Amino acid sequence: MILLFKELADKIPYPLGVQLVTDDEVGGENGVKYQLEKGLSSEFVVGGECSSQLKINNEAKGIQVIKIKTKGVTAHAAYLWNGENAAVKMAHGIQKLHELFPVPDREIWETTASVIKIETDNHNTINTVPDTCVATVNIRFIPEDKRNIVELIKNCFPPDTDVREEFAAPPEYTYEKNHFVSQLKKSIEEITKQPGEFVRTHAQSDMRYYHALGIPAINL
């Protein structure tokens with residue numbers, strides 16, 4: 001990409017920039033987001049995120065990261081009847097959550113939920129019933145899904161469970177008939193002699209920060 005930019009930048013009749021960042025997989029806040037906040041802008045962005053065989057990735061699922069905290073009563077593990085195990089509450093709730101969002105057996109365009117982490121605060125002991133348990137759930141939701149995901153998850157757990165959204169990003173979408181997208185599609189068809197195609201992905205990219213500012217952006 002750097003070599004291509006070096007070759008083309010002085011030959012084309014419009015401003016062209018190349019943006020290199022290293023934090024896409026950990027949120028992009030110190031890369032693309034930071035640079036946009038400092039005034040960087042563009043009329044159109046082509047990301048190199050997607051190995052799509054020259055298919056235009058103009059749509060991606062939204063993201064919600066949800067933290068769940070169950071509560072119990074601590075006790076010695078030998079006298080567990082004196083306590084209430086928060087980890088067991090979490091396990092029962094997660095079972096209900098997976099019934100609500102079952103793991104697909106193939107690639108499919110639907111909302112999914114992945115339990116990323118489960119932990120208790122008694123990690124230094126091996127003989128104590130935990131009074132708290134915390135789980136992190138990563139939701140990837142499709143634009144067509146208008147349900148309140150936080151409320152759905154709350155209903156899987158006891159009433160005293162704390163369920164809150166830690167991070168959220170709306171679905172990504174750039175209109176297929178956008179002028180720049182149309183020109184890109186035409187160029188792909190002329191060069192490859194194949195129909196220009198669109199593809200939607202289950203994972204987002206830093207393109208979401210451009211979309212948030214109304215800047216058309218795709219991955220290729």
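**View 1. Thr128 and its polar neighbours.** The side chain of Thr128 reaches the side chain of Thr125 in a polar contact of 3.5 Å. A further polar contact, at 3.4 Å, joins the side chains of Thr128 and Asn127. Keep in mind for this view and the others that the model is predicted. Thr128 belongs to strand S6, residues 128-129. With a relative accessibility of 27%, Thr128 counts as partly exposed. Leaving aside residues up to four places away in sequence, Thr128 touches Thr74, Ala75, Ala77 and Asn122. Take Thr74 from that list: Thr128 and Thr74 are 54 residues apart in sequence, yet their C-alpha atoms are 6.8 Å apart in space.

**View 2. Phe44 and Phe180, a stacked pair.** Two aromatic pairs are counted in this model. In one of them, the ring centres of Phe44 and Phe180 are 5.3 Å apart and the planes sit at 10°, so this pair is stacked. The two partners come from distant parts of the chain, 136 residues apart. Phe44 is in the loop between helix H2 (32-37) and strand S1 (45-47), while Phe180 is in helix H5 (residues 179-192). Phe44 has 18% relative accessibility and counts as buried, whereas Phe180, at 30%, counts as partly exposed.

**View 3. Tyr79 and Trp81, an edge-to-face pair.** Here the ring centres of Tyr79 and Trp81 are 5.9 Å apart with the planes at 85°, so the arrangement is edge-to-face. Tyr79 has 47% relative accessibility, so it counts as partly exposed. Trp81 has 63% and counts as exposed.

**View 4. Lys61 over the ring of Trp109.** This one is a quick look at a charge and a ring. Lys61 lies over the face of Trp109, 5.7 Å from the ring centre.

**View 5. Lys89 on helix H3.** Lys89 is part of helix H3. Is this lysine buried or exposed? Lys89 is buried, its relative accessible area being 16%, and the cut-off for buried is under 20%. A polar atom of the Lys89 side chain lies 2.8 Å from the backbone oxygen of Lys71. Lys71 also turns up among the residues that Lys89 touches, along with Thr70, Glu84, Phe157, Pro158 and Asp160, not counting residues up to four places away in sequence.

View 6. Now zoom in on Met90. Not counting residues up to four places away in sequence, Met90 touches Ile68, Thr70, Ile118, Cys133, Val134, Ala135 and Phe157.

Technical notes
Residues are numbered from 1 along each chain as its sequence is written. This is a predicted model: local features need pLDDT of at least 70, side-chain atom pairs count only at pLDDT 80 or more; totals for chains, interfaces and linings use all residues. Side-chain values use heavy atoms; hydrogens and water are left out. Rings of Phe, Tyr and Trp (its six-membered ring) pair if their centres lie within 6.5 Å; planes under 30 degrees apart count as stacked, over 60 as edge-to-face and the rest as tilted. Helices (H or I, at least four residues) and strands (E, at least two) are DSSP runs, numbered from the N terminus. Buried means under 20% relative accessible area, exposed over 50%, partly exposed in between (1.4 Å probe, protein chains only). A charge sits over a ring if NZ of Lys or CZ of Arg is within 6 Å of the ring centre and within 35 degrees of the ring normal. Contact means heavy atoms within 4.5 Å. A polar contact is a pair of N or O atoms within 3.5 Å; within protein, one must be able to donate a hydrogen and the other to accept it, and residues adjacent in sequence count only if both atoms are side-chain atoms.
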